[in-house]
Amino acid sequence: MTVAEQPAPRIAIPVRLGDSGAAAVDPRVEAARTIFNAVVGLIRESGAEPVLIEAGSDEQLEQALASCHGFVVPGGGDVDPSLYGGPEDHATLFGVDRQQDLLDAGVIRFALRNRLPFLGICRGMQLLNVVRGGTLHVHLEGGNVTHSVPPVNGLELSIHHVSLVEGTRCAAAYGSTPQIDVTSGHHQAVHDLGTGLRASAVAADGLVEAIETYGDDTWALGIQWHPEVPFLRDEARLPVFRALKAEADLILQSRTAADLLVRQV
């Protein structure tokens with residue numbers, strides 16, 4: 001098989017559920033469902049094959065994920081505070097959906113356990129931190145950086161700068177530039193970092209804007225911003241998806257080589 005004939009890596013993305021309680025009617029969750037399709041499109045545009053993952057038993061989830069080479073968990077409602085010891089009755093909470101938490105966390109744990117590439121976007125970044133034992137700010141008060149604005153059609157998008165930490169996977173994905181403009185819309189954020197995670201981008205107010213694994217060869221990156229919003233240019237939308245696809249290509253190639261070796265024995 002030539003390089004040109006190499007199949008596309010399969011990138012798993014858990015579907016947005018949001019069909020129960022407040023999660024079903026909150027306009028911000030509805031907006032997250034809309035841009036979910038944009039995430040799927042960017043996976044495809046990067047050259048990978050998106051694979052939609054439905055909720056099911058642990059065994060069904062394992063089976064669905066086993067043939068995939070990379071993983072994305074996108075945005076959505078707030079993570080259940082009980083998962084990180086946060087206040088469960090905070091007035092600003094929205095779209096909490098325990099079934100969505102279980103599905104998304106299952107995907108993240110599978111990726112980390114098998115050392116497979118993973119990208120978390122907004123909520124996906126926050127849940128990566130929680131899975132690793134970290135905590136979240138349940139609500140951000142006003143400061144010198146606007147992380148979200150009053151919602152329009154459910155979207156709360158603000159544009160601001162983040163500084164990328166030199167030598168990180170996040171910086172490498174963006175060509176090692178020291179600073180980028182990002183589009184964000186969040187009222188929660190990483191507080192205490194989880195085990196084996198480090199900050200790889202920071203806003204001017206000191207808020208952690210990207211995290212990643214370190215200490216082993218697992219490529220796992222979480223970004224607080226939304227590269228999938230449609231009005232951005234390709235150079236702002238595609239870098240992290242292309243980086244994920246490149247890592248997934250390595251997994252696909254290693255599996256292909258291992259399969260060929262087994263056939264030759």
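A crossing of two helices is termed left-handed if the near helix is turned anticlockwise from the far one by less than a right angle, and right-handed if clockwise. The model is predicted, with local features requiring pLDDT of at least 70, side-chain atom pairs pLDDT 80 or more, and totals for chains, interfaces and linings using all residues. Residues are numbered from 1 along each chain as its sequence is written, and side-chain values use heavy atoms, leaving out hydrogens and water.

**View A. Packing of helices α2 and α3.** The crossing of α2 and α3 is right-handed. Helix α2 (residues 58-66) and helix α3 (residues 98-113) pack at about 55 degrees, their axes lying 11 Å apart. The contact (heavy atoms within 4.5 Å) involves Leu61, Glu62, Leu65 and Ala66 of α2 and Leu103, Gly106, Val107, Phe110 and Arg113 of α3.

**View B. Salt bridge between glutamate 62 and arginine 113.** The closest N and O atoms of this pair are 2.4 Å apart; a salt bridge requires a side-chain nitrogen of Lys or Arg within 4 Å of a carboxyl oxygen of Asp or Glu. Glutamate 62 belongs to helix α2 and arginine 113 to helix α3, so the pair ties together parts 51 residues apart in sequence.

**View C. Salt bridge between arginine 115 and aspartate 217.** The N to O distance is 3.5 Å. Arginine 115 is partly exposed at 48% relative accessible area, whereas aspartate 217 is exposed at 58% (buried is under 20%, exposed over 50%, partly exposed in between; 1.4 Å probe, protein chains only).

Technical notes:
Axes are lines fitted to C-alpha atoms, for helices over the stretch in contact, and angles run from 0 to 180 degrees between N-to-C directions. Helices (H or I, at least four residues) and strands (E, at least two) are DSSP runs, numbered from the N terminus.
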